[in-house]
Amino acid sequence: MNINFLELSQPSSLIGKEVQLLEVLASRDKRQFLQQECLDKHSCCLLSISLISPGGVKKNKLLEYIFDRALQVIGLFIDKNNITINEKIILNEDTGLYALFALEINPLSLKKHMIEIEESLPIARLWDLDVLDENGKIISRTEVDNNLPRKCLICDNNAKICARERKHSINEIYRKMQSLAAEDCFALNYTELANKSLLKELNLTPKPGLVDQKNSGSHKDMNYDTFIKSTESLKPFFYEFIINGMNLKYKTPEEVFFSARKIGINAEKSMFNATNGVNTHKGSIFSFGLVLSAIGYLYKQNIKIDENRISQFISEATISLINEFNNSDIKEETAGIRLFRKHQLKGARGEASSGYQTIMEHSLPIYIKYSNLDEDHRLAITLLKLISINDDTNIVNRGGTKELNWIKNHALNILSKPTIYENNNSIIKELNIFDALCIDKNISPGGSADLLALTYFFSKLNNY
């Protein structure tokens, strides 16, 4: 469903046809008939998906968005777990939005998963995910690990009690629903932009020593497909970074960062699982984790989101990060810490603590400068600019400072040629030569690639 998150906050999102009580009751009977028909036909458990929809309007733009998101999340869950669907019924009627799945899975196991979904996604508080066993009995939350009843949308008390007592007005409930839906849509927008940014960097071809559509560069343990799988595995965590930033709006930027680190650890595990142990995006998890956390935080602070405010937030959030280099209590010496102690190179930590000044002062301005060129041409020039100035610890880790100086000078040499700005074929020719040289030297400017993806992300902020 193509919708701007701002639309979900508008009164127009609540406009719909008022339905009468008899129509609602008839719709309820129809759903029960469909459930029984599915049970008779398949003898398996059912997943019933409906929405919180107070008042007489059961279908409007807001409810359609909420329902589409439920179908999207449940669909991903079913695909990920290879669950057989015996039948799927979707009702899109004025009397309400409803879905019924007949699934080959243990009903208690399914209910446990549905509770996890309801409690992990803020927007899932607006879904009713009922599980029926093969006999038509509804599995309650209390039957699964003694889970407590669902909390009220407004006050966090028992939802059933608040509903029975009509404790909250319809307007109050809808305002909360609009808020949750808008925040979800907002987070999804930036999650998609982050994902698109990683793919833009990956698809840029050719690149020196890096994985692209042509080859695996200087990497023997990964390829294009590895990166595609890795990128896909990170999307849920990009969303989580944003929501976490929103939830910690009363905390300091530094506290948000330390909380985001826990999400980053889980994102790394997901990445390694998708790539069979290959490190494809560890740097991007760190950088995008910071940027997306900042975006969620700024949104809830009602502060305009642009690259300058994101940069300031990250600088404040990582103020103590450089101290880790000199912390003698750190038992595991990472490559970054080792290179700092040997060469005083600050790497990803240094970039973050500066608020990504390499992007702010160099790569973003040059990407914007050549807006008359097509996107890949601009990205290629921007990547060369990054390589020419970035003290890339990926290079030093593989080839020492000698190779770092070589790759920076070679990029500068290409940038000095007027033809690369005039002719796309000219820069492609230069990059193909550069790629072959990097492969021969077994070096890869992975740090610059990470910064390129972030540069693209920042360049598109105004569109979101």
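What share of the contacts in the chain between residues at least 6 apart in sequence join residues at least 24 apart? The share is 72%, where contact means heavy atoms within 4.5 Å.

## Basis of the model

This is a predicted model, in which local features need pLDDT of at least 70 and side-chain atom pairs count only at pLDDT 80 or more, while totals for chains, interfaces and linings use all residues. Residues are numbered from 1 along each chain as its sequence is written, and side-chain values use heavy atoms, with hydrogens and water left out.

## Overall architecture

The chain contains 17 helices and four strands, taken as DSSP runs numbered from the N terminus (helices H or I of at least four residues, strands E of at least two). Its C-alpha trace spans about 80 × 50 × 45 Å along the principal axes. Of its 464 residues, 50% count as buried, a term that stands for under 20% relative accessible area, as against over 50% for exposed and partly exposed in between (1.4 Å probe, protein chains only).

The chain has 56 positive and 57 negative side chains, and the centres of the two sets lie 3 Å apart. In this count Lys and Arg are positive and Asp and Glu negative, with His and the chain ends not counted, and each charge is placed at NZ of Lys, CZ of Arg, CG of Asp or CD of Glu.

## Nonpolar cores

A nonpolar core is a set of buried Ala, Val, Leu, Ile, Met, Phe, Trp, Tyr and Cys residues joined through side-chain atoms within 4.5 Å. The largest one has 120 residues, and those with the most contacts inside it are Trp127 and Phe457; helix H5 (residues 170-203) supplies its largest share, 14 residues. A second, separate core of 11 residues includes Leu39, Leu91, Ala102 and Leu132.

Leaving aside neighbours within four places in sequence, Phe457 is in contact with residues including Tyr190, Leu193, Phe288 and Ile295. Leu193 lies in helix H5 and counts as buried because its relative accessible area is 0%.

## Aromatic pairs

Rings of Phe, Tyr and Trp (its six-membered ring) pair if their centres lie within 6.5 Å, and planes under 30 degrees apart count as stacked, over 60 as edge-to-face and the rest as tilted. By this rule there are 13 aromatic pairs. One of them, between Tyr297 and Phe313, is tilted, at 5.0 Å centre to centre with 50° between the planes; Tyr297 belongs to helix H8 (residues 282-300) and Phe313 to helix H9 (residues 307-317), and both residues are buried.

Ring pairs also link Phe5, Phe186, Tyr190, Phe238, Phe288, Tyr299, Phe457 and Phe458 into a cluster.
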